[in-house]
Every structure is written in structure tokens, then in C-alpha cells.
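Dear colleague,

Please find below the structure that I am handing over to you.

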Amino acid sequence: MKVQEGRIGRTFFVTFENGEDLLGETIDLARKKGIHTALVILLGAMRTGGMVVGPRECTVPPVGMERNFNDGREILAIGTIVSDENGEPTLHLHGAAGRGEHSLTGCLRKDCEVYLIIEGVIMEMEGIKARRLMDPVLQLKTLVLGKDLA
């Protein structure tokens, strides 16, 4: 386990509106406001979404199982914003998207269109030295903290 201690900086309350691109708008906000590390909490509804709902098998590197929906679902999600090697914000967002008795849980990846409204809280973290970098073994971008940064 690797740990860094920081503190909460600026806090943003956000409303994403009907038809907006949830993932794109979140990254755009981080870019415009210069957010490099943050915690993201979201709740509301999505019209459409694409998720990775787990690995096909527990192998390294993993091969994800993708699921898409376009039937309007309630969502609750939490994630992190961390800059990559170029200083660009990246979003890692996991959540549950449910309709009736059917629910998907996983990593929100694409085509996340807001239905009606999604409310969000973005809490910037100060004092954290972190980057999201490509892991050559896992073949995906992972969170790298402090002294492990080149």
C-alpha cells in the first residue's frame, strides 16, 4: 500500500444538464479550473452509457467485459480526477446504473449522456503528488503516488 496525505482545497457543486456528455464535461471543467487531483461524487440519471463491468477472466493484463445501455438509468458514481504525464486531467469513475430490478456496476467509459440532471461534487485535493501513468504490465493507466513518480 502507498499513501499520501493531503487536504481538501476548492469544492465545486456542479449540475450536468439533459443531453450533456457527463465524462467530457467533467474533464473540461477540470481543465478549465486547473484541477489536477480531486474526488468526484455524482448522482442523477443517464440516458445512455458504456461501462466495463469486470474482467472476462482474472488475467493480467485484463480483458474487460463491456456493456452499453440506452434505456435511461439512475446512477450513483464516485471517482478521481488525476493528471496524466502531460498534465491533462483524466477521470476514473465507477458507479452503478440501475433501472427497475436491473443494475450494472462498473467503470463508466463512454457515451455517458445525462438524462434530466446529474448533480456532482468535485473536491480538489491539495498537497498530493500524483499522476495517472500507463502501467506496462497491466496495460492500463494507474495511479502513481509521490516518490514513485519519475
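A polar contact here is a pair of N or O atoms within 3.5 Å; within protein, one atom must be able to donate a hydrogen and the other to accept it, and residues adjacent in sequence count only if both atoms are side-chain atoms. The model is predicted: local features need pLDDT of at least 70 and side-chain atom pairs pLDDT 80 or more, while totals for chains, interfaces and linings use all residues. Residues are numbered from 1 along each chain as its sequence is written, and side-chain values use heavy atoms, with hydrogens and water left out.

I begin with Arg132. This residue belongs to strand β7, residues 130–135 (strands are DSSP E runs of at least two residues and helices H or I runs of at least four, numbered from the N terminus). The side chain of Arg132 makes a polar contact of 2.7 Å with that of Thr90 and another of 3.2 Å with that of Thr80. Arg132 is buried (under 20% relative accessible area; exposed is over 50% and partly exposed lies in between, with a 1.4 Å probe and protein chains only).

Asp84 does form a salt bridge with Lys141, at 3.7 Å from N to O. Because Lys141 lies in strand β8 (residues 140–145) and Asp84 in the loop between β4 and β5, the pair ties together parts that are 57 residues apart in sequence. Asp84 is buried at 8% relative accessibility, whereas Lys141 is partly exposed at 35%.

The count of salt bridges comes to eight. Among them, Arg47 and Glu113 meet at 3.1 Å, N to O; Arg47 is in strand β2 and Glu113 in strand β6, 66 residues apart. Asp28, Arg31 and Glu88 are linked in a network of salt bridges.

As to the strands, β4 and β5 pair in the antiparallel sense over 10 bridges (pairing requires at least two bridges found by DSSP). They form a hairpin with five residues between them, and Gly87 in the turn has a positive phi of about 80 degrees. β2 and β4 also run antiparallel, joined by 10 bridges.

Notes
Lys, Arg positive; Asp, Glu negative; His and termini not counted. Salt bridge = Lys/Arg side-chain N within 4 Å of Asp/Glu carboxyl O.
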